[in-house]
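Please examine the complex shown below.

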Amino acid sequence: MQEFLQQIVSGIASGGIFASLALALVLIYNAMGLVNFAQGEMAMLATFIAFTLVDHGVSYWIAFPVTLVVAFAGGILVQRIVIRPVERAPILTLVIVTLGLATLVNGVAGFIFGYVPRSFPSPFSAQTVNLLGAFVSYRDLGVIGVSTVVLLLIYLLLQRTTIGLTMRAAAHHPEASRLLGVHVSWMLALGWGLASAVGAVSGIMVAPILLLEPNMMQTIIIYAFAAAVLGGIESPLGAVVGGLIVGVTVNLAGAYIPFVGGDLQLAVALAIIITVLVIKPNGLFGRPSVRRV
Amino acid sequence: MALLEVRELAVSFGGVVALDHVSFSVEADQVVGLIGPNGAGKTTLFNIITRVYKPGAGAVLFDGTPVTRLAPHEVIRHGVARTFQNLALFRSMTVLDNVMVGDHIRTRSGWLASSVPMPAAMNAESASRKRALEVLDFVGLAARASHPVATLPFGTQKRVELARALVSKPRLLLLDEPAGGISHEEVDGMSRLLRRVHTELGVTMLLVEHHMGFVMGISDRVVVLDFGKKIAEGNPSEVQRNPAVIEAYLGAA
């Protein structure tokens, strides 16, 4: 029972990481009906920026927000420079553009920082604390805490501020929004900036666990896809719930299903994606798209 | 000077002439009806005024400013709001959120300031909520504020869209078939509501409508389009007696 609880808590911690990246995917999917395949790579690059800052003696708790701001600006730049010229292109073109962007960012990071895995500092100690009989690491609790704060801030921004409201409006009905005075194009850019910053959080949280190198996010993005699909790719709340479910499921499967172990955890995530798409394509919180003809 | 002046406006799509050098004006504080058979170019005219389409020739002046110089999202800031024939609501949002999107041009406290979920942004948001509720009260939907808009009947959604247009405090309201697709009783209600918008809020209105009783009852003047051309203009009784109008609607005798 004690081990089971421990597995659940560390599953929730991974879930928080998946949820952040899944939320980044959902933000962009909502804004333009596109899965941004470069989301993980953008997060990885941001993590390298945080690494460089910390490496130069900047305190972790200063490097963290600075990186988020840089990632936010970077996301806006990517939208303005790379995405905007092809905004109206067919969806397949956009998909190829984001795949190309992923390859580009990966290559640039490899070129600048090399492929040697580096250990990334965690501000939380690896020691454990006894929580209701389960031994839980401060590191897991820290990740859960940071993810919770970030997801809560995004929720408040989207649901409780005017800019969040107009972002949602621009995503749902760009033509009507424009006539109501919404600067739709900038709302899209803002969405990219926000997604990039939230994605960066997942990168910074996962780096101490996985070691930082340019391919670090390539498995995490699969878990994030699983989370987003499970939650319903249009639902921010779904991304969070999906992230937690995927995190806990994958962790429990790794611990208790003998042949899964640590090697087949990714297969569990892929199985979740396929199962959801076959049984409930709209996910847990998605609405079926019904069109009047 | 007229509040809205349409001058020699022309536009064609492919080979189809949608508007053929149409001119008319809307004086401040008037209610002007725009009628004509289907395909006469009424909605096209609205789409040019709100910058959805570019005109091929001619000009639209709002309060002396050529609207073609404005970006689409700037039109409402100059005081022109509209509703749509088939509704253009944010279907996944509540009634209140829909109306608050209409209000956002009044809350803009600056880009960055309003994006940080901090006390200032939250205060601006609650002031906006209050204004939206006042307008919902005006159109008689305060009790439905928290309903998801997609679950409401069509006629009620039309009033939500009207509230969303009104909350920006427009000087000119463009109404695309406000009585279209709603029940007989709702038509009377909409007519009374629009009269109050005109008298109590002092909003000038240009409305496209097929429901003749409705449009003749509410309009000070009526402009008639047929195949992109203006064929008549005048007060409701003049227009109703005009032989060209009768021919356009009923065919030549």
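The points that follow are grouped by topic.

This is a predicted model, in which local features need pLDDT of at least 70, side-chain atom pairs count only at pLDDT 80 or more, and totals for chains, interfaces and linings use all residues. Residues are numbered from 1 along each chain as its sequence is written, while chains are lettered from A and ligands numbered from 1 in the order in which they are written. The predictor assigns the complex an ipTM of 0.82 and a pTM of 0.85.

**Confidence**
- Chain B has a mean pLDDT of 88, and 95% of its residues reach 70 or more; pLDDT is the predictor's confidence in each residue, from 0 to 100.

**Overall form of chain A**
- Eleven helices and two strands make up chain A; helices (H or I, at least four residues) and strands (E, at least two) are DSSP runs, numbered from the N terminus.
- Read from the N terminus, the elements of chain A follow the order α-α-α-α-β-β-α-α-α-α-α-α-α.
- Chain A is as compact as a globular protein of its length, because its radius of gyration of 19 Å is close to the 19 Å given by the globule rule for 293 residues. The radius is taken over C-alpha atoms, and the rule is 2.2 Å times the number of residues to the power 0.38.
- Along the principal axes, the C-alpha atoms of chain A fill a box of roughly 60 × 50 × 35 Å.
- Of the 293 residues of chain A, 49% count as buried. A residue is buried if 20 or more other C-beta atoms lie within 10 Å of its own, exposed if 12 or fewer, and partly exposed in between, with C-beta atoms placed from the backbone.
- In chain A, 73% of the contacts with a separation of 6 or more are between residues 24 or more positions apart. Two residues are in contact if their C-beta atoms, placed from the backbone, lie within 7 Å.

- H3(A) (residues 60-83) has 24 residues and should span 34 Å at 1.5 Å a residue; its end C-alpha atoms are 32 Å apart, which agrees. The expected span is 1.5 Å times one less than the number of residues.
- Buried residues of H3(A) include A:Ala63, A:Leu68, A:Phe72 and A:Ile83, and their cover includes H2, H4 and H8 (184-210) of chain A.
- In H4(A), the buried residues A:Leu94, A:Thr98, A:Ala102, A:Val105 and A:Ala109 pack against helix H2 (39-55) of chain A.
- Just after H4(A), A:Gly114 adopts a positive phi of about 80 degrees.

**The sheet of chain B**
- Four strands of chain B form an open antiparallel sheet in the order S2-S1-S4-S5; strands pair if DSSP finds at least two bridges between them.
- The edge strands are S2 (16-26) and S5 (65-66) of chain B, each pairing on one side only.
- S4(B) (residues 57-62) and S5(B) pair over two bridges, and B:Phe62 stands opposite B:Thr65.

**The contact between the chains**
- Chain B contributes 26 residues to the contact and chain A contributes 22 residues.
- On the side of chain B that touches chain A, H2(B) gives the most, with seven residues.
- A:Thr166 lies in helix H6 (residues 162-172) of chain A and counts as buried because it has 27 C-beta neighbours inside 10 Å.
- Leaving aside residues up to four places away in sequence, A:Thr166 touches A:Val182, A:Met187, B:Val101 and B:His104.
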